[in-house]
Amino acid sequence: MIQQDQLLQVTNLNIIFPSPKGDVHAVKDISFSLGKEKIGLVGESGSGKSVTGRAILRLLPPYAKVSAEEISFKGQDLLSFSEKELRCIRGKEISMVMQDPKYSLNPVRTVGQQISEAYIVHSKVSKSVAREQTLKMLTAVRIRNPEQVYKLYPHEVSGGMGQRIMIAMMLIPEPSLLIADEPTSALDVTVQLQVLAILDDLVTQRGMGLIFISHDLELVASFCDRVIIMYGGRIMEVINAADLHNSTHPYTRGLLNCLPRIEGRNERLSTLVRDDAWLDADFWHSNDSDGIII
Amino acid sequence: MTQFLTQKRLKKTALKILKFLLMVAITFLGLLLITFLIGRVVPIDPVLAVVGDKASHEVYERARIAMGLNLPLWQQFLIYLSSVLRGDFGTSVLTAKPVFEDILRVFPATMELAFLATLFGIFVGIPLGVISAVKRGGFLDHVSRVVGLLGYSLPIFWLALLALMIFYAKLDLLPGPGRVDVFYDGIVTPVTGFMLIDSILAGEWEIFWNALYHLIMPATLLGYFSMAYISRMTRSFMIEQLRQEYILTARVKGVAEWKVIWGHAFGNCAIPLITVVALSFGALLEGSVLTETIFAWPGLGLYLTNSLLNADMNAVLGSTIVVGSIFLGINIFSDILYKVFDPRAR
């Protein structure tokens with residue numbers, strides 16, 4: 001992978017959720033960097049991938065303890081930013097598409113109002129200019145009748161349409177980094193591919209960085225440039241998507257082996273093996289890991 | 001084709017409205033049936049109330065027949081129904097005037113009080129509830145919850161007496177009971193029945209200020225109770241909404257926090273709050289009986305109490321029907337508002 005001009009650098013990110021039963025260490029010492037590329041963040045439920053995405057936007061609930069050596073975006077240290085400075089980054093520079101448009105759109109506002117709001121927040125323009133831009137953006141996500149959709153309420157659109165609206169809303173201020181948090185998990189399989197194609201096109205056209213959070217290894221492998229495999233709040237491996245099937249890491253191998261294949265259907269699928277030793281930081285250092293080079 | 005569709009939709013809407021009206025009619029009929037039955041069940045002899053206990057048996061019987069009390073119950077109910085629909089609730093024994101007229105006279109005083117109290121409840125209760133929800137577990141949240149809890153649990157007559165003792169008797173900051181000071185009484189001819197409006201219409205500004213001054217204590221006290229209810233409901237609605245994912249969406253977009261709270265979250269709370277405010281307004285109309293008694297406020301509550309104490313059944317039942325109908329009306333109104341504001345309910 002050619003390292004283009006760097007967008008995001010995360011070094012030793014830790015996220016802890018205090019709870020009465022003891023602290024939950026959701027993310028432990030993870031580091032990665034990102035250029036104008038598509039990077040996949042893969043892991044099981046609870047591996048800390050969504051939380052990582054939210055921590056970059058500094059949008060975790062206030063009780064979450066986030067610490068890191070560095071979270072910098074285009075050379076600016078996001079950790080030192082005030083709430084007001086962060087608002088100029090959110091949407092404008094880094095945006096996020098969430099899982100289910102049924103919940104992530106405001107039920108009492110029209111689609112058009114919500115998309116143009118995203119535009120108006122960052123560029124102080126009149127409503128009619130924002131409307132024009134919104135209609136253009138709706139067309140860009142391949143909605144054929146933008147004028148009509150503009151006036152609809154979220155409950156009046158389908159899941160696939162909703163997610164396209166969400167993408168339009170998040171891309172309208174032209175951010176340089178998009179975090180897509182399982183953007184297709186709530187959709188039908190056929191619609192999934194359409195939405196992915198749109199996302200892929202727009203991200204490539206605009207030369208943006210993309211963090212694609214998913215639990216679907218195959219999907220990520222076909223869609224992204226690089227893949228980060230997470231387990232138990234740690235990064236297990238960072239690997240080029242093309243090399244994924246040649247991975248030697250036991251966890252990645254385990255994940256790959258769990259996937260059913262059309263050929264060889266008579267075999268029993270293997271169970272995922274999880275080794276607690278992987279969660280130990282020293283394990284990787286003592287092995288002189290070649291997995292965590294980022 | 002489109003014409004056909006709009007026609008179909010029109011038919012559907014008409015059917016919906018018809019269904020709605022039918023439901024209202026049935027509810028109203030139920031209300032009348034209950035008041036009628038109560039009127040027949042209570043151990044007060046309406047004939048005796050008219051002829052007095054020294055009347056002879058003959059006079060008594062004649063009065064009974066004249067009042068239609070010898071007819072079967074269902075016929076009595078039909079007569080009652082038709083007279084109520086004509087706005088005839090009978091004559092009050094106490095005032096010797098038609099009950100309907102009496103209610104028209106006293107009701108504006110209650111409305112004035114309930115209206116101001118609800119305004120207080122809305123403008124204090126809603127911001128308090130929103131702030132409590134946003135700063136959940138904070139100092140202000142605890143304060144507002146204690147204040148709200150007191151509003152829920154303190155008896156209003158006690159608080160009213162205490163307030164009168166402190167602000168009127170001891171400190172002399174606020175005027176005592178009544179709608180205006182005694183020497184202003186009866187100067188303004190009632191047009192609307194609302195003292196504040198009538199005094200402006202008459203150009204009597206001194207009376208306007210005096211009436212407003214008199215309203216402060218009872219309206220604030222009543223308002224305190226509706227504020228307690230409204231702020232509590234607002235808080236729980238807001239907590240629920242702030243948890244939703246569209247709030248995260250708004251924050252991701254970079255929307256300012258006050259807009260996230262008041263624009264996005266509160267926009268979704270406003271819909272259920274319509275019902276809360278409407279119900280608390282309705283409750284004030286019937287529930288200000290105690291307050292009106294203590295503040296000698298010549299409203300529906302006081303009228304109702306006096307009628308009750310004097311076994312004036314026509315007046316009691318008439319007032320009950322009026323309060324019930326208003327409650328019904330408020331419910332209908334809030335249902336309609338719901339449909340206007342919630343795109344999902346259309």
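Student: What area is buried between chain A and chain B?

Tutor: About 2000 Å² is buried between chain A and chain B, and carbon and sulfur atoms give 62% of this area. Buried area is the accessible area (1.4 Å probe) that two parts lose on being put together, summed over both. The model is predicted: local features need pLDDT of at least 70 and side-chain atom pairs count only at pLDDT 80 or more, while totals for chains, interfaces and linings use all residues. Residues are numbered from 1 along each chain as its sequence is written, chains are lettered from A and ligands numbered from 1 in the order of writing, and side-chain values use heavy atoms, without hydrogens or water.

Student: How many residues does each chain give to the contact?

Tutor: Chain A gives 29 residues and chain B gives 20 residues, where contact means heavy atoms within 4.5 Å.

Student: What makes B:Lys253 and A:Glu117 a salt bridge?

Tutor: The term requires a side-chain nitrogen of Lys or Arg within 4 Å of a carboxyl oxygen of Asp or Glu. The closest N and O atoms of B:Lys253 and A:Glu117 are 2.9 Å apart, so the pair qualifies.

Student: Which elements of chain A supply at least two residues each to the side that touches chain B?

Tutor: They are β7 (94-97), α3 (101-104), α4 (111-122) and α7 (159-171). The largest share, five residues, comes from α4(A). Helices (H or I, at least four residues) and strands (E, at least two) are DSSP runs, numbered from the N terminus.

Student: Why does A:Lys49 with A:Glu182 count as a salt bridge, and what does the pair tie together?

Tutor: The closest N and O atoms are 3.6 Å apart. A:Lys49 lies in helix α1 (residues 49-56) of chain A and A:Glu182 in the loop between β8 (177-181) and α8 (189-206), so the pair ties together parts 133 residues apart in sequence. Over all chains the rule counts 18 salt bridges.

Student: How many helices and strands does chain B have?

Tutor: Chain B has 14 helices and zero strands. Its C-alpha atoms fill a box of roughly 85 × 70 × 40 Å along the principal axes.

Student: Which helix gives the largest share of the nonpolar patch?

Tutor: Helix α7 (residues 156-170) of chain B gives seven residues. B:Leu171 is found in the loop between α7 and α8 (195-201) of chain B.
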